[in-house]
Amino acid sequence: MDRRGFLKSTGVAGILAAGRAPAFAQGTKLHLLRWNDFIPACDVTLREKLLPEAIKALGAEIQLETINANDLQPRITAAIQSGNGADIIMTLHNWPHLYQSGAVDMTDVAEWQAKDQGGFYQQSEQAVKDGKRFLALPWSISGLLIAYRKSWFAEVGASAPPKTLEEYRELGMKLKKKGHPIGQTLGHTFGDAPAWSYPMLWNFGTAETDKAGKSVLDNKKTVDSVKWMTSFWKDACDEGGFAWDDTNNNRAFLSGEISATLNGASIYIAAKRGQEKIKDDKGEPMVRDIDHFPIPGGPAGSWGYHIPFSHMVMKYSKNQKLAKDFLKWLHAKEQFGRWFEVAEGFSVGSTKHWERSPMWEKLDPAMKLYRTAAQASRMVGYAGPPNAKASEVYSKYIITDMYAKAAQGMKAEDAVKWAAGELQKIYG
Amino acid sequence: MKKPIAGGSGGAAGLEVALPHPRAARPQTSGRVLENERLLAFALLSPTVLLLGTFIAYPFVMGVWLSLSNTSVGNIGEFVGVKNFVKAWNDSIFQTAFRNTFVYTFWATIFKLSLGMWLALLLNRSFRGKRIVRASMLLPFIVPTVLSTFAWRWMFDPTFSVLNWLLYQSGFIVTKLPFLSDGTYGMWCAITVNTWRGMPFFAITLLAGLQTINPDLHEAASLDGANGWQRFWSVTWPLLKPVTLVVVVFSVIQTFSDFQLIYVLTGGGPANATHLLATYAYQIGVATGLLGEGAAISLFMLPVLFVVVWLQLRYLRRLEGA
């Protein structure tokens, strides 16, 4: 894209007519802070292709900094409190609610994006909208499905993925006995842990809150859910998962230590891109033996939690207009589409438009489920609004710890009571 | 203006020199200022006071204010009294972190002291390669904590632990030990790493203390028929006690407020089982953005450390008096 195209796409074509660059183009700097993408090629595309184009077109310097996702929240807090830091920061989940006083109103750009790309997925909008204002601009969703080894599942008699959680536990029990446990984290980590623990509430028909946002966790369904997790953990899982972060299950799966794990598509993509090295026990490329299925259903259905990602422009930034213009350009179909294709299904769009992308036709059948995975998602804080309180519960890992405590030996009823007490303090 | 030079000897005593310029009055004024002890003291102390005020007093006062307010990220809080302290005290995770901090500090200090003392006594002997051994002993202390803790984390990795592999291959275990995935194991792993890292500080300081002990005292004790243990207990230990107490005070302060090691090794998990006050304060204050509550949690360290340090220093003063 050239300078003219950029200005056209961001709606500032008038600047061209004026015959001179906008004020912010005079040596201004933008600092963009994001996570280290699980698909490194996405960061490469951003750093080496998209940003140089934006820099050329804007006449401004744009610096991309990437850090571990678990360190993003501390960086946001430090930046807001000191009034100094990156102009744009990537957020996960519903974090923008927690940092709303430090976020620039993005409603105008978000409304443009929604109109341009067919409306946001519910969780993308809920993650950033406080009722009236968009506190950040939805970027993508990381779909989470269970990656599994087809041959190992077949060895224990499962020719198709399990439909219910109970089937999954029984299957896992057989797999663990054969030395192929299921691997899941219940640790303090940003993605896989909440994406595994929150749906366990919903699939058993319980929730953190009611629609008014009051805590309703302390009930029999939650106890049932915790009991299921405890037996699943002992019968079917690699019990080291208490200390796993978001990368451990990827490594364990790709080295043949575990037979299944809830994850983004990064396991499959890494196995495919590294098929010369990543082999199964028969010496064949492991990627051929990998497929996916959604979290099996519980008594109340099958829900997942697919993580929304957004970009938040910081209120302390001296370049807010430039930051918004840049994001409008980056989130536009043309630019986002190029990044989206590199992600190969690991990141789907924040709008349904991207389900229709021709990229899906090029992907392997094992990846097709990610295309619509984001449709069956609820948000943290469900059934109430995913507000700052829900963010606080997430940031303290209370739901994940409830399951972890029980799986480590605490009585299910006591673990639920503990978590309900913590939620009561936050939600009331 | 001409003025006789004071002092001198012989003919020089009567020598008169011309001072160059009336502007010389200015140095005289500043000279007078410097001669004023109060002003000079103020001038010399002010940089230090400024530094202490900026980097110690201001953050401390700010921390106290935050702990008494409901400040959260991006929101200027209001005064809420001791509400944050009461909330923390009733918080089960805080209680775990509080208990953990004592357990961690107590055992790590005990191990560092005993192993450090043992190492110092060994290094105080003469042997070939003594200098190399002494220098290499400092390595754990020199390597940045985050780096060395990452290495330990790999060794304790839940799936690929080299320690588990070694123990399994040697036939000591049949299933993996849950180094970081079990709360109790996790805490002992953290104590082990802290001991490994802190022991050289004890060893080198105690070694310095050992070298100040007059060998004649040991010789005299030997002539009196004292064995090794008796010489240590009756000669070395009493003379080493003041140094030991100072090292222990430093170590207790550092260990009680430790953050990096736990943050990297366990992140406070599993299920908050290894949180210390510092890591929990960070999780609440910085990661969750509840700055008031985080500050209150961290301030719980202050009275505890104050009492510990006061008791130890009091004991030290008594020793010196004796």
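Helix α13 (residues 266-273) of chain A is largely enclosed by the rest of the structure, because seven of its eight residues are buried; a residue counts as buried if 20 or more other C-beta atoms, placed from the backbone, lie within 10 Å of its own, as exposed if 12 or fewer do, and as partly exposed in between. Helices (H or I, at least four residues) and strands (E, at least two) are DSSP runs, numbered from the N terminus. The structure is a predicted model, in which local features need pLDDT of at least 70 and side-chain atom pairs count only at pLDDT 80 or more, while totals for chains, interfaces and linings use all residues. Residues are numbered from 1 along each chain as its sequence is written, and chains are lettered from A and ligands numbered from 1 in the order in which they are written.

The buried residues of α13(A) are A:Ser266, A:Ile267, A:Tyr268, A:Ile269, A:Ala270, A:Ala271 and A:Lys272. Their cover includes β5, β6 and β7 of chain A, together with α12(A). Axes are lines fitted to C-alpha atoms, for helices over the stretch in contact, and angles run from 0 to 180 degrees between N-to-C directions. Contact between two residues requires their C-beta atoms, placed from the backbone, to lie within 7 Å.

The three strands form an open, antiparallel sheet in chain A, ordered β6-β5-β7. Its edges are β6 (260-263) and β7 (290-293) of chain A, each of which pairs on one side only; pairing requires at least two bridges between two strands in DSSP. From one strand to the next the twist averages 30 degrees. Strand β5 (residues 145-149) of chain A is joined to β6(A) by four bridges, the two running antiparallel. Within this pair, A:Ala147 stands opposite A:Thr261 of β6(A).

In helix α6 (residues 107-116) of chain A, A:Glu111 is exposed, because 11 other C-beta atoms lie within 10 Å. Between A:Glu111 and A:Leu137 the C-alpha to C-alpha distance is 9.5 Å, at a separation of 26 residues in sequence.

The contact between the chains takes 29 residues from chain A and 22 residues from chain B. On the side of chain A that touches chain B, α4 (72-82), α12 (248-254), α18 (388-395) and α19 (398-407) of chain A each supply at least two residues. The largest share, five residues, comes from α4(A). The residues of this side comprise ten nonpolar, twelve polar and seven charged, with Ala, Val, Leu, Ile, Met, Phe, Trp, Tyr, Cys and Pro counted as nonpolar, Asp, Glu, Lys and Arg as charged, and the others, Gly among them, as polar.
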